[in-house]
Amino acid sequence: MERRVPPFWDRPILAIESSCDETSAAVVVGREVRSNIVASQIEMHQKWGGVVPEAAARAHVESIVPVIQAALSAAGLEKVSAVAVTRTPGLVGALSVGLSAAKALAIQWGVPILGVHHLDGHLMSPWGDPSLEGLPYPHLCLTISGGHSEIIQVTAPGEYRLLGETLDDAAGEAFDKGARLLGLGYPGGKAIQEAAIGGNPHRYKLPRALRDDPFHFSFSGLKTAMLRLVQVEGSALDVRDAAASLQEAIVDVIATKAMQCAGRTGSSAVTLVGGVSANRALRDRLAGLCAQNGLGFVVPPFSLCTDNAGMIGLAGSMRLAMGERGDLSMDVSPGDSLPGLME
Ligand code: KG4
Ligand code: ZN
């Protein structure tokens with residue numbers, strides 16, 4: 001099948017991301033991520049075991065200027081030709097910090113500004129890998145993060161059809177909540193991955209919800225099962241085996257549905273994006289299954305998996321090349337739908 005590359009803007013863009021707990025700025029030219037600086041608030045939120053919106057917004061205020069300066073200086077530039085900024089979805093206070101900075105710079109430099117949807121950023125993140133030569137359209141994109149578990153069909157560059165989503169928790173939340181129950185801290189995905197090394201993934205039986213439904217996820221039963229496991233086993237619980245079993249349950253569900261979905265929709269390639277795409281076990285399982293089934297498989301570089309401005313710059317670059325522009329009256333929104341989403 002014919003492989004295509006989306007159009008990209010050939011001039012430098014400053015991208016800003018501040019939707020949750022990372023303050024990030026990047027410089028992107030075309031599809032090349034020239035710099036990508038991320039200031040994480042993880043240590044601060046660790047104290048409370050999760051993101052506190054007011055504290056997140058305040059930390060963004062403190063970091064935004066130095067992070068932008070660092071991104072420009074790492075790219076060797078003092079100004080750019082456009083500013084792209086995450087406008088939705090996310091925490092309103094946090095998003096507002098990024099948008100205000102973006103507007104100020106767009107006015108100062110006299111350049112266009114473009115509001116970007118956070119998921120459009122995740123969906124475009126694989127293009128930050130220069131070795132990706134093209135993708136067939138349509139293809140499937142598994143968008144799996146702390147806030148989303150979605151199966152999206154990418155019908156053309158920047159055009160999407162939502163095939164399925166979670167009925168309750170996102171997969172990243174299942175990792176985060178499981179990690180908290182196991183005393184492994186926040187954020188949970190990486191902690192579970194590390195704790196699972198050498199553990200027995202079949203030691204504890206955990207549920208796989210909606211096994212025969214290729215299009216929907218449900219992870220809340222997994223959280224309840226983990227809580228029960230911790231209560232029943234008490235001090236006899238083997239944390240390594242429990243972490244490995246939880247990771248296996250999540251990987252198994254995502255990989256099974258991806259293959260069912262690819263079969264039903266006649267897809268010839270699958271991409272995996274969002275924070276959970278950093279998970280080694282999930283990458284390996286999907287790579288193996290896709291190879292077995294003759295499907296292409298693409299993941300973003302690790303630096304573009306969890307929230308970062310590089311991916312926002314890639315989405316901005318594509319949409320600017322398509323002629324899209326924002327304006328200075330635009331505002332943030334906690335949850336607008338993805339642009340280019342078809343029924
Ligand atoms: O994309 P992201 O940074 O933020 C959202 O848009 O939600 O995703 C964050 C999520 C968290 O739930 C985190 O636990 C998970 O991604 N995550 C991982 C790994 N690294 C981050 N999950 C599994 N394995 C990892 N290595
Ligand atoms: Zn994200």
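The following conversation goes through a predicted model of one protein and asks what the descriptions of its parts rest on.

Trainee: What makes the protein as compact as a globular protein of its length?

Mentor: The secondary structure comes to 10 helices and 14 strands. The radius of gyration is 20 Å, close to the 20 Å that the globule rule gives for 343 residues, so the protein counts as being as compact as a globular protein of that length. Taken along the principal axes, the C-alpha atoms fill a box of roughly 60 × 50 × 35 Å.

Trainee: What share of the residues is buried, and how far apart in sequence are the residues that contacts join?

Mentor: Buried residues make up 54% of the 343 residues, where buried stands for a relative accessible area under 20%. Among contacts between residues at least 6 apart in sequence, 75% join residues at least 24 apart. The protein exposes about 14,000 Å², of which carbon and sulfur atoms supply 52%.

Trainee: Why is arginine 319 called buried?

Mentor: The relative accessible area of arginine 319 is 6%, and the cut-off for buried is under 20%, so arginine 319 is buried. Arginine 319 is found in helix H10, residues 309–321, and, leaving aside residues up to four places away in sequence, touches Leu114, Asp120, Gly158, Tyr160, Glu324 and Pro339.

Trainee: Which other strands pair with E10, and in which sense?

Mentor: E10 and strand E14, residues 341–342, pair in the parallel sense over 2 bridges, which meets the requirement of at least two; leucine 341 in E14 is the bridge partner of tyrosine 160. Another 2 bridges join E10 to strand E11, residues 216–217, and these strands run parallel, with threonine 166 opposite phenylalanine 217 in E11.

Trainee: What makes E3 and E4 a pair, and in which sense do they run?

Mentor: The count of bridges between E3, residues 22–29, and E4, residues 32–40, is 8, and the strands run antiparallel; since the definition asks for at least two bridges, the pairing of E3 and E4 follows from that count. Serine 40 in E4 is the bridge partner of glutamate 22. The hairpin of E3 and E4 has 2 residues between the strands, and glycine 30 takes a positive phi near 65°.

Trainee: Why is the phi of leucine 210 worth a remark?

Mentor: Most residues other than glycine have a negative phi. Leucine 210 has a positive phi of about 50° although it is not a glycine. Leucine 210 lies in the loop between H6 and E11, and with a relative accessible area of 34%, which falls between the limits of 20% and 50%, leucine 210 is therefore partly exposed.

Trainee: Which peptide bonds are called cis, and where do their prolines lie?

Mentor: Most peptide bonds are trans. The bond from tyrosine 137 to proline 138 is cis, with omega near -5°, and proline 138 lies in the loop between strands E7 and E8. The bond from tyrosine 186 to proline 187 is also cis, with omega near -5°, and proline 187 is found in the loop between H5 and H6.

Trainee: What makes serine 100 partly exposed?

Mentor: Serine 100, in helix H3, has a relative accessible area of 46%, and exposed would need over 50%, so serine 100 is partly exposed.

Terms used. Residues are numbered from 1 along each chain as its sequence is written. Chains are lettered from A and ligands numbered from 1 in the order in which they are written. This is a predicted model: local features need pLDDT of at least 70, side-chain atom pairs count only at pLDDT 80 or more; totals for chains, interfaces and linings use all residues. Side-chain values use heavy atoms; hydrogens and water are left out. Helices (H or I, at least four residues) and strands (E, at least two) are DSSP runs, numbered from the N terminus. The radius of gyration is taken over C-alpha atoms; the globule rule is 2.2 Å times the number of residues to the power 0.38. Buried means under 20% relative accessible area, exposed over 50%, partly exposed in between (1.4 Å probe, protein chains only). Contact means heavy atoms within 4.5 Å. Accessible areas come from the Shrake-Rupley method with a 1.4 Å probe; for residues, only the protein chains shown count as cover.
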